[in-house]
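Hi,

Here is the structure I said I would pass on.

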Amino acid sequence: MKRIIYFSVISSILLIETGCSHDKRVENKFALAAESPKIEELTVNEVLKPLDIITTDNYICILHEEKSSGNQIYVYDADTFGFKYDFAKRGQGPAETVALDVMKNARGDTLDLIDQANYTMIR
């Protein structure tokens, strides 16, 4: 019986020592390249309080917090940053929106406009 206990104790000590001493850390061999982002300051005269900015390949669309009856989405050229047009008038009329939300669709080439107050999608 002493042999079994002695063998068990020695086996346990050897297993603990060999199991704990092995370092299983893996070095990260991938390093991110440190590139400084291009920062350019632009003056946007049309938008005072942007809520959301959506970009596509050709356009930059800014959802503007419009409290009166003006347009809420301003569209700019992605290459020149020049103003193109604005749309989505705020108001209670048939072609107007109250609580506009904008999402880029799955294809990434058009926007889905949702009037959350009226539970309608604008196409």
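The second largest pocket is lined by T56, Y59, C61, V75, Y85, F87, D109, T110 and L111. Two elements, β2 (59-64) and β4 (83-89), each give two or more residues to that lining. (Strands are DSSP runs of E with at least two residues, helices are runs of H or I with at least four, and both are numbered from the N terminus.) The volume of this pocket is about 150 Å³, and its lining splits into six nonpolar, two polar and one charged residue.

Before going on: this is a predicted model, where local features need pLDDT of at least 70 and side-chain atom pairs count only at pLDDT 80 or more, while totals for chains, interfaces and linings use all residues. Residues are numbered from 1 along each chain as its sequence is written, and side-chain values use heavy atoms, with hydrogens and water left out.

As for what "pocket" means here: on a 1 Å grid over the protein atoms alone, it is an open set of points where a 1.4 Å probe fits, with protein on both sides within 12 Å along at least five of seven lines, and lining residues have an atom within 4 Å of a point. Volume is the space filled by probe spheres set on the points, which are joined across faces, edges and corners. Ala, Val, Leu, Ile, Met, Phe, Trp, Tyr, Cys and Pro count as nonpolar, Asp, Glu, Lys and Arg as charged, and the rest, including Gly, as polar.

The largest pocket comes out at about 200 Å³. Among its lining residues are L42, V44, I53, Y76 and F81, and the whole lining divides into eight nonpolar, two polar and one charged.

(Patch residues have over 30% relative accessible area and no salt bridge, with nonpolar side chains joined within 5 Å and like charges within 9 Å; areas are Shrake-Rupley with a 1.4 Å probe.) L42 sits in the loop between α1 (2-21) and β1 (50-55).

Cheers
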